[in-house]
Amino acid sequence: MTLAITIGIMVAGGVYLMLQRGMVRIVLGLLLVGHAVNLLIMSAGGVFRRDQPLVGSGTTPFMADPLPQAFVLTAIVIAFSIAIYMLTLAASGSDDDTEDAS
Amino acid sequence: MVLLLLLIVLAVTVASTPLLNRYLGRDSGWPIAAVFLALTVLVALQAPQVLGAGTPLEFSRPWMPQIGVEFSLRMDGIGWLFTMLVTGIGSLIMAYSTRYFPSGPRLGFYFLMSLFAFAMTGLVLADDIVLLFVFWELTTIASFYLIGLSGPSASRPAIRTFLLTAMGGLALLGAVVLLVVRTGTTSLSEILADTSWTGDTVFVSVVALLVIVAVFTKSAQFPFHYWLPDAMAASTPVSAYLHAAAMVKAGIYLAMRFTPAFGDVLLWNVVLITAGLITALMGAIFALQQTDLKRLAAFSTVSQLGLLVAVIGVGTPAALVAAAVHTVAHALFKSALFMVVGLVDIRTGTRDLRRLGGLRHRMPVTATVATLSALSMAGIPPLLGFISKENLFESFLHAPGPGWFGPLAGVVAVGASVFTFAYSFRFVYRTFFGTSRSEEGSREAAATEAGSGFWLPAVIASFGGLLLGLTVPALDPMVDEVAFNATHQAADAHLLLWHGFNAALFMSMAAIGIGALVSWRLRVGDTVAGRDLIPFTGVNVFEAIHSGIIRLGRRTGDLTRSDSPAFHLGAPTVLIVALAAVVAVFGLDLPSPAGQTTMGLDWVLVGLMAVAVLAATITRSRMAGLTLVGVAGFTVALWLFFLGAFDVALTQFLVEILTVVVAVLVLRRLPRRFHPVKAGRKALTAVIAIAAGLSAGVAAYAMTGRRELSAVAEYMLEHAPADTGGTNVVNTILVDYRALDTFGELVVLGVAGLIIIAVLRSSDLLPVHASRQVVVSTDNAAYPAADNTVLMRTVGRYLMPLLVVWSLYLLFRGHNEPGGGFIAGLVGGSAFALLYLAAPSDARARIRLAYPAIIGAGVVVAAFSGFLGFVDGSFLKPLHAEIPLAWGDYFHFTTAFVFDVGVYLAVIGVLLTALNELGLERGTPPGRSGTTTAPSKDEGDDEESAPAVESDATVLNGSTSGGKR
């Protein structure tokens, strides 16, 4: 439940930022939504199992699902590369405003 | 084998046109004509078997056996007739073309004409319905290019013709799909012999309508007739072949071919007869109105095709006999007439009937050809056209349907023939008789007869009509076989010039007599020529529909055409929320949570996140926004720790740090504050955002964590050490179980780095924003950058090697303990970031490593380890080896580690790219300016937004290079 609340908060904040003006705020919003989705994937693995999936000395009943962790790990790095690409776009060409001055 | 030989010879002809053209130019037509003539003889030699014995030639090879499509060819009577026309008339036209064109290369023309002949032959021989469709489309494409060859003015007509006939092709495709699905076979002869679908009235009507659309578009029937006159933009040999003998006959062929299935369907009969006769009458009237010789011939073709379509619609054996004879007659006289048009056009320089006249003295051969052909067209004995028209009239009288339908059809057909006589007369009389209407000394008045090579093909075609008229019983076996193939009933035809006094003869006489009267009353058509009988033309209608469709598309596009990202991002969000609302209303049947999902400490993270996110949404400062989102990111990392994902948490921490470093490099180029947003929009977006957050939260709670460990996870936890030799399951998934995914992501990462470089090469970075420029005087303690960074540099000097070593350690141990390529790469990247932060100026911080090469090396190394996997069977399959160590232990080496090295290199390369590219003062290409001079001094003079720089003060630009605000 706590993780779900966290996800809700992040999505709300991220969506709000994405719908404002300016590339930078869109990037920030996207980062938040990206984090939220990563947590959602983690949540799909089952929040009640929280032991590290290191099986050097056998498995335990509360060992976390490793598959979402692997997904999220690569997702973080991909999100990072996309974020820096979008930031590059924001800082090149002209101002990062996404709308005509109103 | 004869059938395959036909197609192979034609294909070789197509392929050899470039060579022929190179050495022969326009004379390429001679060898091609010879080949076509040889093929005609070859086909004619098959007559005893195909027509005499009634056994079709067949050939079949598997083509796409998975879906049951075969490359099967079949030549029955119908196929024989049309193959003869395609190769025979083709041979005449090819010979004619050698003199029609001025000397010079004609590659496009000969290539496309041979291609067209190939496609037509394939079409009429195909016994697989898919193959038939392929050849059908090939004729469409070839005709498009042939019309388009005539230059820019022909481009619209070519496009109109293409779109229209392509529409017919789509209809045919629909029919093909329906038939194949219904009958379960693609064999055309089997489909047509199958009576299981012909009894289903609805199905058969739908298929019949689709085939009708295909026939009508290809054979220029009302209301699709206008493309044919439009296509007269093509050169005359093209028109003579495509628009008289070949392409338009494809529709006729299709109608004949499908007659076994549709001949008894009343819808087919009625639509074909009605539309055909309307086309025949209308085409004939329009033809009489033309002043351009070629357009006259075009409308006359439309009219004649109308008669053919209508008589096929009658569907009786006698009607099919009439159709077969008229197909031959029309191919002969119309190709001859088009060749006459070309002769007159080339010799006199005009096709305008108002300027021509009296040519019979100066072009006697052409005049003879024209007269013979026109007589055949007008239905005058003893030419073939007379016999075919007699048969047409006779057949119409026996049309199916109500009792009055046949006689009415006969009357309309006679009406069309009246005008046929009139325009035939106009064609010949206005061109060759009377006196010339051109001024003395003009080119028209001085025209003389062409050389024999030019007129010979036309002579052959027109005399063919006369010869066949005189020896018409010779056609009996052919027409019998065609009628039998089409109706499955014996026709037992006895074609004769003189049938005695019967209805058809009186109808012919009426047509000729009234035709002569009309010609006289309308002064050979001059009184109606050029007048608009109806207020619009087919071309206008087409263009209106065409632009209307495009306008409609644009309107549809307008609904979402906006430059505002907020709109594009908002719309799907709202839609997802709406979906969530719908689901919420109907409710879901959910299992209860599988365990304790809430721990006490979690609430700290929830609180931290709430504060960070709320503050991030409220703040108007960019820097604060970035920081607060960073706080949210760290909170996520803590969450990941709590969830037992140490690897992921470490990655998240490092990524957060590096994101902030990179973002700061960008933010200093932008204003301090975000752009203002109106209060109303804030409220609206807040509502959307809260709804989205609520949906996401509820969905996350309702739909996750309600099951036990997945089977996949269980397997991996059980078997990872044995399968991969690693105990860090997450890492084994990354580099072993799902290494291909990781490889893909690695490439994405590398591409992102390269894109950043590409973007900044094509458009420069913004200069540092004016609001972030600080002027510091030289005596201020903040001025000397070197002094101010001494602490960081000293620490960095020791920390940097440590970080590099640590990153390598993480890389090595990743397979068993938290670590791995991603984390190690990020740690290594942090080392470079530290170097960057500690440097006293942007220029000094430049890391002179070839970072694109590092990215590339990463991808190559990873790919290399993947190829190593082929040794043991598949891409990216890790190989294992136990390497003995000096002290007796074994080191477990796996190529998965090599893969991880690739990951490590790519991550470092991308980080170096971001730091170097974004850290520069301007988008100065690295390596261009030396590292000894600061870019700010290089370009400070032309920096418009920067305040004036004094020599004793320097502009510190809010960068990370220390000593600023």
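A polar contact here is a pair of N or O atoms within 3.5 Å; within protein, one of the two must be able to donate a hydrogen and the other to accept it, and residues adjacent in sequence count only if both atoms are side-chain atoms. By that rule, 16 residue pairs, both at pLDDT 80 or more, are in polar contact between chain A and chain B.

Before we go further, a word on the ground rules. This is a predicted model, in which local features need pLDDT of at least 70 and side-chain atom pairs count only at pLDDT 80 or more, while totals for chains, interfaces and linings use all residues. Residues are numbered from 1 along each chain as its sequence is written, chains are lettered from A and ligands numbered from 1 in the order in which they are written, and side-chain values use heavy atoms, with hydrogens and water left out.

Let us start with chain A. Its secondary structure consists of three helices and zero strands, in the order α-α-α from the N terminus; helices (H or I, at least four residues) and strands (E, at least two) are DSSP runs, numbered from the N terminus. Of its 102 residues, 69% are buried, that is, under 20% relative accessible area with a 1.4 Å probe, counting protein chains only.

Now turn to where the two chains meet. Chain A brings 77 residues to the contact and chain B brings 108 residues, contact meaning heavy atoms within 4.5 Å. Together they bury about 8100 Å², 75% of it on carbon and sulfur atoms; this buried area is the accessible area (1.4 Å probe) that two parts lose on being put together, summed over both.

Two salt bridges link chain A and chain B, each a side-chain nitrogen of Lys or Arg within 4 Å of a carboxyl oxygen of Asp or Glu. B:Asp602 pairs in this way with A:Arg50, their closest N and O atoms lying 2.8 Å apart. On the side of chain A that touches chain B, the elements giving two or more residues are α1 (2-18), α2 (23-44) and α3 (66-91) of chain A. Of these, α3(A) gives the most, with 20 residues.

Finally, look at B:Thr742, which sits in helix α30 (residues 739-762) of chain B. Is B:Thr742 buried or exposed? B:Thr742 counts as buried because its relative accessibility is 2%. Beyond its neighbours within four places in sequence, B:Thr742 is in contact with A:Thr74, B:Leu734, B:Phe822, B:Phe899 and B:Val903.

Technical notes
Buried < 20%, exposed > 50% of the residue type's maximum accessible area, 1.4 Å probe, protein only.
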